[in-house]
Amino acid sequence: QAKSSGGGVVTGYHPRMREGLVERLELENDLRGALDRGELRLHYQPTIDLATSQVVGFEALVRWPHPTRGMINPLDFIPIAEVTGQIVPLGHWVLQEACRQAVEWSAAAGGRPLKMAVNVSVRQLDRADFAESVARVLAETGMAAGLLCLEMTESVLMTDTEANLEQLVRLKALGLTLAIDDFGTGYSSLAYLRRFPVDTLKIDRSFVERLGVIADDTALTDTIVRLGKSLGMSTVAEGIEEFGQLAALREMGCGFAQGYYFSRPIPAAEAGRLFLEGATV
Ligand code: C2E
Ligand code: MG
Ligand code: MG
Ligand code: MG
């Protein structure tokens with residue numbers, strides 16, 4: 001069993017740890033290549049308006065089809081990209097591609113508005129020029145700012161609070177909307193939530209998962225929906241897999257939903273068709 005002593009000296013043989021490091025370095029190196037060669041892809045998961053059952057937009061989710069390892073899950077490479085700083089060019093590409101695609105699909109559907117949500121890492125927010133780069137993407141792609149939603153986790157409210165607040169205010173000035181992703185899993189304070197220019201709460205899947213099964217979880221989800229309402233924010237439930245969950249969320253007055261019940265994240269061609277058909281899921 002490997003153990004780090006107080007002086008930071010690591011003793012004992014621990015091949016698994018070494019393997020982990022080598023694998024990390026390999027992934028890091030491969031990711032650089034994948035970015036340069038344009039090998040990353042986006043999948044899109046529909047967002048459904050619970051009042052009309054219409055697909056009103058999509059969330060862009062990055063995919064990495066690795067030449068030898070197969071499809072790599074974003075949870076296995078986004079954290080690495082965050083440490084190395086690769087998340088900055090990666091995130092920029094995701095934003096650009098998602099906006100380009102949204103404009104194309106909307107045009108193909110006779111100008112029917114399409115909302116596009118893009119996940120943004122706190123590391124991207126750290127960059128002084130982030131809002132500027134978003135403005136550039138909007139201008140270059142012709143994406144209407146009001147149809148773009150940037151999703152970030154609660155950590156933006158909890159760390160570097162003042163600096164992040166300033167960045168979010170700049171982003172809001174562009175006319176886009178901001179969502180807190182996986183809401184309810186962090187420890188953000190309600191006071192911060194009120195101070196930040198947030199438009200949308202995305203209720204974490206862990207709450208939706210046990211809806212209707214465990215009474216307390218129903219109460220928690222209901223509380224988040226009410227919290228959103230009382231703060232003038234819209235609510236999106238993530239991870240709906242069963243009709244019962246959908247029914248419960250509708251009852252609570254949750255505005256929007258995503259989840260396998262409606263659709264998994266799907267490749268661009270499929271998502272484009274879904275939107276064009278004006279799908280009611
Ligand atoms: P997220 O933003 O919370 O995205 C939702 C995740 O839940 C997606 O996983 C999606 O496939 C999955 N999901 C959706 N509906 C259901 C459901 O009904 N049941 C279950 N079990 N899962 C569902 P995915 O695509 O693997 O992405 C994981 C996370 O990686 C995302 O969580 C997001 O935090 C991050 N991520 C993905 N793309 C990007 C990106 O372009 N930039 C950044 N910074 N992060 C990204
Ligand atoms: Mg998200
Ligand atoms: Mg989420
Ligand atoms: Mg989540």
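Me: How many disulfides does a search of the whole structure find?
Reply: A disulfide is a pair of cysteine sulfur atoms within 2.5 Å. Cysteine 99 is in no disulfide, as the nearest cysteine sulfur, that of cysteine 149, is 11 Å away. For the whole structure, the number of disulfides found is zero.

This is a predicted model, in which local features need pLDDT of at least 70 and side-chain atom pairs count only at pLDDT 80 or more, while totals for chains, interfaces and linings use all residues. Residues are numbered from 1 along each chain as its sequence is written, and side-chain values use heavy atoms, without hydrogens and water.

Me: Is cysteine 99 buried or exposed?
Reply: Buried means under 20% relative accessible area, exposed means over 50%, and partly exposed lies in between (1.4 Å probe, protein chains only). Cysteine 99 has a relative accessible area of 0%, so cysteine 99 is buried.

Me: Which residues are the protein donors of the magnesium ion (ligand 4)?
Reply: Donors are N, O and S atoms within 2.8 Å of the metal (3.2 Å for Na, K and Ca); water is not among the atoms, so sites may look incomplete. The protein donors here lie 2.3 to 2.5 Å from the ion. They are Asp182 (OD) and Glu238 (OE).

Me: Which residue bridges the magnesium ion (ligand 4) and the magnesium ion (ligand 3)?
Reply: The two ions lie 3.0 Å apart. The bridging residue is aspartate 182.

Methods:
Chains lettered and ligands numbered in written order.
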